[in-house]
Amino acid sequence: MRNDNTTYQDGAFFQRDRAWHPPALTPDYKTSVLRSPKNALISLGNTISEMTGPVFGHAMIGPLDNDLIRNYATTGDPIGPRTIVYGRVLDENARPVQGALVEFWQANAGGRYRHKKETYLAAIDPNFGGCGRTITDDEGRYWFRTIKPGAYPWPNGVNDWRPAHIHFSVFGHAFAQRLITQMYFEGDPMIWQCPIVMGIPSREAVETLIAALDREASLPMDTLAYKFDIVLRGRRSTMFENRREGN
Amino acid sequence: MVQRLDRLKESPSQTAGPYVHIGTTPHFIGIDNVYPVDLGSLPVPPEVKGERIVITGRIFDGSGNALRDALIEIWQADANGLYPGRGEHRGTADPAFSGWARQPVDGTTGIYRFETIKPGSAPYSDGRPMAPHITFWIVSRGINVGLHTRLYFGDEEAANAADPVLGRIELKSRVPTLIASRSDESGVPTYTFDIRLQGENETIFFDI
């Protein structure tokens, strides 16, 4: 039976499971060697500074922001497999995170990024910028259209290649939930050869970053779809019994 | 067996990589035709109340070299210590102030720069006042999970001495890594906050 004097208030976030994330130092990913703090993190917990976060309104999103096929193109569509990526942003309590800003960026179909410090010899696509963004709806859903990025070599080992991936930056409801991660594609054997991926301690955790090919969400004769859910930190929900005045 | 809790695991973090600007600050690298502006790069509007300040510095790796590919986000209270956005139940923050900004470090010098306002004091979880501070979140190539730290102000000695977060830090010799020094040479109060990822005077990073 519902007690009408009871309300729920958002509390502190669950402790981040550091054993689930890659550690700061992953020596096979060489750049981490000099960029990883050696001291233990100081446990701060949540104060108002971590339990609050910026709000981004739907008004800032342009009509082509979630269409990487069209948002940079001038002379035609970019080359590459036409791809839909969709999913939900959830928290660890499996509740949808509505109003979450999701930003994404990626290489083109040849594995080349549009960035002035990028030197891979694969061609720039004149019709592909490689960035997009959207805000989740009331059920935490998002989607965007793009071309599938290619794999590319990177200066780490003599012959290391990144699996095809899309970078994601996600804002939840609080700064404590801030997350940047990468999405990989189902069936790619290179996922398991990548030093950045393999910094994640468990196979189970890696698998949560692999988007599933979804034929049912694909558009016949048009676009293949991949489903990628993102999970942000959950928080305690504290139950309060509202006392009547005078009690 | 017992009942399942049915909780999900947070998506594992992955590095932002060297090309983080494409998705977050595209104008900074010449992608000018997708978004009108780089999100978080606009100056604080003139109607925002509070003392104008500059925050600047560099991020150093374990060899003492400045990172030239990092991205920094800051999050802070308004001049009265109230947070804009979600999660603030104590009152309404200055409606003109977003509280959040984002800047890449310079691709050549590694210097970052934020023009913002000095935040007011906000309470710790037990109600004691925290000294004015700004939350920093740092991502880059080679950083697997974004690093959280805080900037405290060097000209707030009394407030810093009473700050419950700084007070909990056991190794007092590390506290100065969180304190930005003030200079007034440029006419605007300018706080220098260098961040050291590793090595001597390694900055304190928080598990929040």
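**View 1. Loop position of D69(B) between two strands of chain B.** D69(B) sits in the loop that runs between strand 2 (59–60) and strand 3 (71–75) of chain B. The model shown here and in the other views is predicted. D69(B) has a relative accessible area of 8% and is therefore buried. Its side chain makes a polar contact with the side chain of R35(A) at 3.0 Å. The side chain of D69(B) also makes a polar contact with the side chain of R141(B), at 2.9 Å. Not counting residues up to four places away in sequence, D69(B) touches R35(A) from chain A, and V20(B), H21(B), V105(B), S140(B) and R141(B) from chain B.

**View 2. Segment 55–83 of chain B, annotated in UniProt.** An unreviewed UniProt entry lists residues 55–83 of chain B under "domain: Intradiol ring-cleavage dioxygenases". Over residues 55–83 of chain B, 34% of the chain is strand and 0% is helix. The end C-alpha atoms of residues 55–83 of chain B lie 19 Å apart.

**View 3. Interface of chain A and chain B.** In this interface, 87 residues of chain A are in contact with 75 residues of chain B. The two chains bury about 7300 Å² between them, and carbon and sulfur atoms account for 57% of that area. Seven salt bridges are found across the interface of chain A and chain B. One of the salt bridges joins D17(A) to K9(B), with the closest N and O atoms 2.5 Å apart. Polar contacts across the interface of chain A and chain B involve 51 residue pairs, with both residues at pLDDT 80 or more. On the side of chain A that touches chain B, strand 10 of chain A gives the most, with five residues.

**View 4. Surroundings of V197(A), a loop residue of chain A.** V197(A) is placed in the loop between strand 10 (179–185) and helix 3 (203–207) of chain A. With a relative accessible area of 0%, V197(A) is buried. Leaving aside neighbours within four places in sequence, V197(A) is in contact with R162(A), P163(A), Y184(A), I191(A) and V206(A), and with Q14(B) from chain B. V197(A) and L209(A) are 12 residues apart along the chain, and their C-alpha atoms are separated by 9.4 Å.

**View 5. Two buried cysteines of chain A.** C131(A) is buried, at a relative accessible area of 0%. C194(A) also counts as buried, with 0% relative accessibility. Over all chains, a search of the whole structure finds zero disulfides.

How values were computed. Residues numbered from 1 in each chain as written. Chains lettered and ligands numbered in written order. Predicted model: local features only at pLDDT ≥ 70, side-chain atom pairs only at ≥ 80, totals over all residues. Heavy atoms only, no water. Disulfide = S-S within 2.5 Å. Buried < 20%, exposed > 50% of the residue type's maximum accessible area, 1.4 Å probe, protein only. Helix = DSSP H or I, 4+ residues; strand = E, 2+ residues; numbered from the N terminus. Contact = heavy atoms within 4.5 Å. UniProt positions renumbered as here; feature names shortened; annotations may be inferred. Buried area = accessible area lost by both parts, 1.4 Å probe. Salt bridge = Lys/Arg side-chain N within 4 Å of Asp/Glu carboxyl O. Polar contact = N/O pair within 3.5 Å; in protein donor to acceptor, adjacent residues only side chain to side chain.
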